[in-house]
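User: I'd like to talk through this structure with you, one question at a time. Could you take me from the overall picture down to single residues?

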Amino acid sequence: MKKERVNIQYSIDWEELPTEVYRLLARANEIYSEDLNKAAAELAKINKKTALSLETLTSIDVTRKKLAAMDYALNDVADIVNGYLHFKVQSTLQEHQETQLAPPGPMPEPPYVEQEAETGET
């Protein structure tokens with residue numbers, strides 16, 4: 001059976017975001033440390049005599065699929081972190097604009113200056 005990927009969307013609480021990112025990073029690390037190490041060991045067994053064989057082709061295919069799985073996991077993490085940072089920047093910009101566009105308070109009254117009455121004499 002061929003493995004197929006499907007894109008899904010789901011929402012989580014804001015506070016759970018770091019945990020979800022950590023979970024996805026752990027998955028990428030698991031693929032790297034277990035699956036890719038096994039695949040690399042299989043590739044290391046290839047020599048000149050066995051290079052052009054079905055086993056070599058199979059090892060290459062398995063390695064490429066493991067690399068793709070790791071790339072998918074890291075891409076998911078990058079998308080989440082990118083979205084989070086974009087949201088934070090937009091929130092900061094919006095707050096800054098709101099403070100810049102806030103209506104000014106009442107105009108202060110100008111200082112009162114007493115003027116001497118004119119007597120008409122020079």
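User: What share of the residues of the protein counts as buried?

Analyst: Happy to start there. This is a predicted model, in which local features need pLDDT of at least 70 and side-chain atom pairs count only at pLDDT 80 or more, while totals for chains, interfaces and linings use all residues. Residues are numbered from 1 along each chain as its sequence is written, and side-chain values use heavy atoms, with hydrogens and water left out. Buried means under 20% relative accessible area, exposed over 50% and partly exposed in between, with a 1.4 Å probe and protein chains only; of the 122 residues, the buried share is 11%.

User: How many helices and strands does the protein have?

Analyst: Both are DSSP runs numbered from the N terminus, with helices being H or I of at least four residues and strands E of at least two. On that basis the protein has two helices and zero strands.

User: What part of the contacts with a separation of 6 or more comes from residues 24 or more positions apart?

Analyst: A contact here means heavy atoms within 4.5 Å. Among contacts with a separation of 6 or more, residues 24 or more positions apart account for 74%.

User: How does the end-to-end reach of H1 compare with what is expected?

Analyst: The expected span of a helix is 1.5 Å times one less than its number of residues. H1 has 28 residues, and its first and last C-alpha atoms are 39 Å apart, close to the expected 40 Å.

User: Which residues does Leu36 contact, leaving aside neighbours within four places in sequence?

Analyst: Leu36 is one of the buried residues of H1, and the buried residues of H1 pack against H2. With neighbours within four places set aside, the contacts of Leu36 are Ile31, Thr63, Lys66, Leu67 and Met70.

User: Why does the span of H2 agree with expectation?

Analyst: H2 has 47 residues, which at 1.5 Å a residue should span 69 Å. The agreement holds because the end C-alpha atoms of H2 are 68 Å apart.

User: Is Thr63 buried or exposed, and which residues does Thr63 contact?

Analyst: Thr63 is found in helix H2, and what covers the buried residues of H2 includes H1. The relative accessibility of Thr63 is 12%, so Thr63 counts as buried. Leaving aside neighbours within four places in sequence, Thr63 is in contact with Leu36, Ala39 and Leu43.

User: Which residues does Lys66 touch, not counting those up to four places away in sequence?

Analyst: Lys66 is also part of helix H2, and at 26% relative accessibility Lys66 counts as partly exposed. Not counting residues up to four places away, Lys66 touches Ile31, Asp35 and Leu36.

User: And how far apart are the C-alpha atoms of Leu74 and Ala28?

Analyst: Leu74 lies in helix H2 and, at 38% relative accessibility, counts as partly exposed. Leu74 touches Leu25 and Ala28, not counting residues up to four places away in sequence. Leu74 and Ala28 are 46 residues apart along the chain, yet the separation of their C-alpha atoms is 6.4 Å.

User: Why does the pair of Trp14 and Tyr84 count as tilted?

Analyst: Rings of Phe, Tyr and Trp (its six-membered ring) pair if their centres lie within 6.5 Å; planes under 30 degrees apart count as stacked, over 60 as edge-to-face and the rest as tilted. By this rule there are two aromatic pairs. The ring centres of Trp14 and Tyr84 are 5.4 Å apart and their planes stand at 40 degrees, so the pair is tilted.

User: What parts of the chain does that pair tie together?

Analyst: Trp14, with a relative accessible area of 45%, is partly exposed, and Tyr84 counts as partly exposed at 32%. Because Trp14 lies in the segment before helix H1 (17–44) and Tyr84 in helix H2 (residues 54–100), the pair ties together parts 70 residues apart in sequence: the segment before H1, and H2.

User: Which residues do ring pairs link into a cluster?

Analyst: The two aromatic pairs are the place to look. Ring pairs link three residues into a cluster: Trp14, Tyr84 and Phe87.
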